[in-house]
Amino acid sequence: MSGISRRRFIAGATALAAGWGLSRELVGVALSAPLRVVEVPTTLSQTIKMSSQTVRGSYRTLLAGPGEAYIPRFDCLGRAASAGRQSTRRSLLYLAHLSDIHIIDAQAPARMDAAQELAPDLLVDACRPQDVLTVHVLASMVESVTNAQTSPVTGAPLAAAFSTGDSADNMSNLETRWYIDALDGSTITANSGAVGSYEGPQVWPEATYAYHPEDPSGDLYGAYGFPTLPGMLLAAVSAPVRSAGLPVPWFAVYGNHDSTYMGTFAPDASLRAWAVGGRKAATSDGLAVAWANGLASNASALQRMVNSVTQNFGLLPGIRRVTPDPARRLLQRTEFMEQHLDTPVNPGPVGHGFTQANVDSGETWWALDLNPFIRVFGLDTCNLVSGADGAVSKTQFDWLQGQLAKCQSEGKLAMVLSHHNSTTLENPAEPVFGAGGPLIHAEKFVAMLQQYPACIAWINGHTHINTIFAHRRPDGSGGFWEITTASCVDFPQQQQLIELVDNRDGTMSIFVTALDHAADPTWTTGNYSQSGLASLSRELAANHWLENPAMSMGSPLDRNTELLLPAPFDLSTIPDELLEAEQMKATARLLANASQA
Amino acid sequence: MRRRIAVAVFAGAILVSGCSQIDSLDPGQVFNHFPIATLTIAVGDVLVAESVPILVAPTCTQGPTSFTCNGTTIADEAITVSASITEPQVMTIQVGAQVIYDGSVQDVLDAASQVAP
């Protein structure tokens, strides 16, 4: 600690020790040590790649590959940077970015698995081979974030984490709860309906569009070379998954899958009833008829009665009986926020960005100060009318513009979080009746952000592809970086570490580090342990050829990068003392978390 | 008949739904079933593999008959990419006057995502 006085250091350490219930000596020793870069397990030291040789048909296993060093990107700076910055830089904030976790209750009736039969090369995410393993992957990603709790660039402590939407896959109460509980720390059995049994297309022979781990010989995946995995489904839905929880406060925004049915439109009463019912479509035929009957059920009591009789007596082909579960109910719009308020104080904060005021007002976006010099804005870019892509409401746009102007005048750095990115912020669907105002799309949104140098980054997800874009101002005077992460559900199942750094030469850098989840790169046959199943999930995802998994990794320019830009204001106005005080708080929190673990 | 109608209506409904990569399948930007992002990624793979010192990474747009991408090097040389809209999926990457890659987009992606056992 160089900037902070001895007296303040002792007072701060004592207060933090008391606040977290730690010994003063332990905290004093930890906080007095200078920040030190130690090797933490990230893609800097090891990557995970597909084997260049197939093992069965077209199927490939995964292997550890060489690490990838940071690549400096100068697009927003407009010139090469000073080589001396490495010795002068100081950390402003170190964060984790999660997105598109897509926790899936794979046995839920109101899923569109069977739609994949109609267009397998288009509806690639209707029924993935690894659908039953999403909780295992999230627990493994939590472990990975915890392992990387000191920055690989500066040694700074992790201060916060963000989840930029699509945390649940189908706005289900159960999926939402599993995701929140896994990030907060809990033990979860990723099962619904019947206890200790999997009921769904992956065991139904007529569902040839699905991967059948017990015997894939009759499905598309068997033909590709997917393995026979006896007992895998049972292990996935039976064994409890333990997640230690993130070691830092985390904050969430809405994704389209958190707020609309299958990420596409608001559900009606029939869909809500279907979600908690006891019938599930096994084939596209059955799904289509059930869908049509569901639509009709809104109009006629007689139709509803006919539907009930035909369904209950098994007269609809392509429909299977499953164990109903009320916990599968689809959430109402504000219930997603309410679920985040039903959380423990640690890692916190209660609400994870949402407050009771959000629930009361229905405003689904928020702002917060991560420290005295960095403000973050969590937007809701989801379109409730139709379509998976997003837009920004005029109300939100105006609010954000006012907030960014304030950041500019107050000398605060600003980051914008949303689910959708600039390539998917083009949804034109507006409600025919009712309020909502005009929608703002990517071009106008980006132009607005470019007006405010204080806005240094837009962090998002949605496409499941690692992507980094430079949004340079037309006059060449800088701009901001757009950082999109891959997902937890599709290959490469990567998320990101992000660190803001003051280079103390009139520039700043945003370091982005791609983060694999902690499970072994190569799955060992028969390993159905918690981490084994997470490893298997990644391997299955890598072979989901319909997704073209080779592209979702992005290029090296989208992964481990140092993104430079001109400092938006004189960053020396941020005193070292203040930074160190913030880092002390973060270190004490991590110490407390480690001691509880 | 009723089932056929239901299937047809349903198929239409799901074709407007979806998420992940499908969302970015803007018909105007599809590169042989892949979004234009695929081309951008493959270009990035080649530039990094060839240690091209990039000042501005290429961004890609679609013209009437081809995709083009433009960027610059630290030495202010132009990075230009052209790729056909039609099959086969090939691209040509040039740095200044020198062609550094001329071949398949998917081959680049596959090579970048694989490692020998």
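A:Asn503 is buried, with a relative accessible area of 0%, where buried means under 20% relative accessible area, exposed over 50% and partly exposed in between, computed with a 1.4 Å probe on protein chains only. The model is a predicted one, in which local features need pLDDT of at least 70 and side-chain atom pairs count only at pLDDT 80 or more, whereas totals for chains, interfaces and linings use all residues. Residues are numbered from 1 along each chain as its sequence is written, chains are lettered from A and ligands numbered from 1 in the order in which they are written, and side-chain values use heavy atoms, with hydrogens and water left out.

The place of A:Asn503 is in the loop between strand E19 (494-502) and strand E20 of chain A; helices (H or I, at least four residues) and strands (E, at least two) are DSSP runs, numbered from the N terminus. Leaving aside neighbours within four places in sequence, A:Asn503 is in contact with A:Arg85, A:Thr88, A:Arg89, A:Met508, A:Ser509, A:Glu562 and A:Leu564, contact being heavy atoms within 4.5 Å. From A:Gly185, A:Asn503 is separated by 318 residues in sequence and by 36 Å in space, C-alpha to C-alpha. The loop between E19 and E20 of chain A also holds A:Arg504. The phi of A:Arg504 is near 55°, a positive value in a residue other than glycine, and at 46% relative accessibility A:Arg504 counts as partly exposed.

A positive phi is likewise found at A:His464, a residue other than glycine, with a value near 65°. A:His464 belongs to the loop between strand E16 (455-460) and strand E17 (467-472) of chain A, and counts as buried at 0% relative accessibility.

Chain A also contains cis peptide bonds. One joins A:Phe491 and A:Pro492, with omega about 15°; A:Pro492 is in the loop between strand E18 (479-484) and E19 of chain A. A cis peptide bond also joins A:Gly348 and A:Pro349, with omega about -15°, and A:Pro349 lies in the loop between helix H12 (335-341) and helix H13 (356-361) of chain A.

Attention now passes to the helices of chain A. Helix H16 (residues 530-542) has 13 residues and reaches 19 Å from its first C-alpha to its last, close to the 18 Å expected at 1.5 Å a residue; the expected span is 1.5 Å times one less than the number of residues. Of the 13 residues of H16(A), 11 are buried, so this helix is largely enclosed by the rest of the structure. Among the buried residues are A:Gly532, A:Leu536, A:Arg538 and A:Glu539. The buried residues of H16(A) pack against strand E1 (46-51), strand E2 (62-66), helix H4 (134-147), helix H7 (232-238), strand E20 (507-516) and helix H17 (549-552) of chain A.

Two packed helices are described by the angle between their axes and the distance between the axes. In chain A, the axes of helix H1 (residues 6-20) and helix H2 (residues 24-32) come within 9 Å and cross at roughly 130°. Axes are lines fitted to C-alpha atoms, for helices over the stretch in contact, and angles run from 0 to 180 degrees between N-to-C directions. H1(A) and H2(A) are therefore oblique to each other, given that angles under 35 degrees count as roughly parallel, over 145 as roughly antiparallel, 65 to 115 as roughly perpendicular and the rest as oblique. The contact is made by A:Phe9, A:Ala13, A:Thr14, A:Leu16 and A:Ala17 of H1(A) and by A:Arg24, A:Val27, A:Gly28, A:Leu31 and A:Ser32 of H2(A).

In chain B, five strands form an open sheet in the order E3-E4-E5-E6-E7, with antiparallel pairing; two strands pair if DSSP finds at least two bridges between them. Strand E3 (54-62) and strand E7 (98-104) of chain B stand at the edges, each with a single partner strand, so one side of each is left without a neighbour in the sheet. On average, neighbouring strands of this sheet are turned by 15° against each other, direction ignored. Helix H2 (residues 36-49) of chain B packs on the sheet, touching E3, strand E4 (66-73), E5, E6 and E7, and its direction makes about 150° with that of E3(B).

Within the sheet, strand E5 (residues 78-84) and strand E6 (residues 90-95) of chain B pair in the antiparallel sense over five bridges; B:Thr80 has B:Gln94 of E6(B) as its bridge partner. Six bridges join E6(B) to E7(B), which run antiparallel, and B:Val95 is partnered by B:Gln98 in E7(B). The hairpin of these strands, E6(B) and E7(B), has two residues between them, and there B:Gly96 takes a positive phi near 60°. Helix H3 (residues 105-113) of chain B lies across E6 and E7 of chain B and runs at about 90° to E7(B).
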